[in-house]
Amino acid sequence: DGAGLSIDLGNLALLRKDPALAEQHYIQARQIAGANSATGLLAGLNLARLDEPALREQHLETLYRDIGEHPTARLDARLYLNLGQQALNLDTETHALALRSLERGHSLASQAPGSRAHLESLDALAQWHESQGRISEASG
């Protein structure tokens, strides 16, 4: 589909260190799919990666709510894992959002044990717990 292709092109542009072109592709994907579609929400997550850190936290909170309210997106573990990973990488203020997202993604992915999403969810939760250990060591 055209929106999926635009997302793929955006990801490729990002790999090539061209965030402006990536942003154009992600915006195009949202326009094609509709901002409130599952694909549009994925495009929104990709756009959030391009936000300045100060704006990204609010954008991720809004996307978490929007995903949870969507009839099919709320069942897509990959969206929650994407959001959780971004929140985890942002800063310690967003670790609660990261944990909520990663746990929700893991819960959904656990319905297909051994699947790629299930393995990614386990890895992401391990990263979250590892980050909590580093925070404890730094403050202890």
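1. Burial. In this predicted model, buried residues account for 37% of the 140 residues in the protein chain. The accessible surface of the chain amounts to about 7800 Å², and carbon and sulfur atoms hold 52% of that surface.

2. Overall dimensions. The protein chain has a radius of gyration of 15 Å, which agrees with the value near 14 Å that a compact globule of 140 residues would have. The C-alpha trace spans about 50 × 35 × 25 Å along its principal axes.

3. Secondary structure. There are 7 helices and 0 strands in the protein chain. Read from the N terminus, the order of elements is therefore simply α-α-α-α-α-α-α. Taking contacts between residues at least 6 apart in sequence, 50% join residues at least 24 apart.

4. Nonpolar core. The largest nonpolar core holds 24 residues. Those touching the most other members are Leu45, Leu60, Leu63, Ile67, Leu83, Leu102 and Trp128. At least two residues of this core come from each of helix 3 (38-50), helix 4 (53-69), helix 5 (77-90), helix 6 (95-109) and helix 7 (116-139). Helix 5 gives the most, with 7 residues. In soluble globular proteins, nonpolar side chains tend to be buried together.

5. Leu63. Not counting residues up to four places away in sequence, Leu63 touches Leu41, Gly44, Leu45, Ala48 and Leu83. Of these partners, Leu45 and Leu83 are also on the list of core residues that touch the most other members, as is Leu63 itself.

6. Ser121. This residue is found in helix 7. Ser121 counts as buried because its relative accessible area is 0%, against a cut-off of under 20%. Apart from residues up to four places away in sequence, Ser121 touches Leu81, Gly105, His106 and Ala109.

7. His25. Helix 2 (residues 19-33) contains His25. With a relative accessible area of 16%, His25 is buried; the class applies because the limit is under 20%. Once neighbours within four places in sequence are left aside, His25 is in contact with Ser6, Leu9 and Gly10.

8. Lys17. The loop between helix 1 (2-15) and helix 2 is the place of Lys17. Lys17 is not a glycine, yet has a positive phi of about 60 degrees. The side of the question that concerns cover is plain: Lys17 is exposed, with a relative accessible area of 72%. A colleague checking backbone geometry may wish to look at the phi of Lys17.

9. Arg49. Helix 3 is where Arg49 is found. Arg49 is partly exposed, with a relative accessible area of 34%, since that class lies between 20% and 50%. Leaving aside neighbours within four places in sequence, Arg49 is in contact with Asn11, Leu14, Tyr26, Arg56 and Gln86. The C-alpha atom of Arg49 is separated by 21 Å from that of His106, and the two residues are 57 apart along the chain. His106 is also among the residues that Ser121 touches.

10. Charges. The protein chain carries 12 positive and 18 negative charges. The mean positions of the two sets are 4 Å apart.

Methods:
Residues numbered from 1 in each chain as written. Predicted model: local features only at pLDDT ≥ 70, side-chain atom pairs only at ≥ 80, totals over all residues. Heavy atoms only, no water. Core = buried A, V, L, I, M, F, W, Y, C linked by side-chain atoms within 4.5 Å. Buried < 20%, exposed > 50% of the residue type's maximum accessible area, 1.4 Å probe, protein only. Helix = DSSP H or I, 4+ residues; strand = E, 2+ residues; numbered from the N terminus. Contact = heavy atoms within 4.5 Å. Rg over C-alpha atoms; globule rule 2.2 N^0.38 Å. Areas by Shrake-Rupley, 256 points an atom, 1.4 Å probe, with all protein chains shown as cover. Lys, Arg positive; Asp, Glu negative; His and termini not counted. Charge placed at Lys NZ, Arg CZ, Asp CG, Glu CD.
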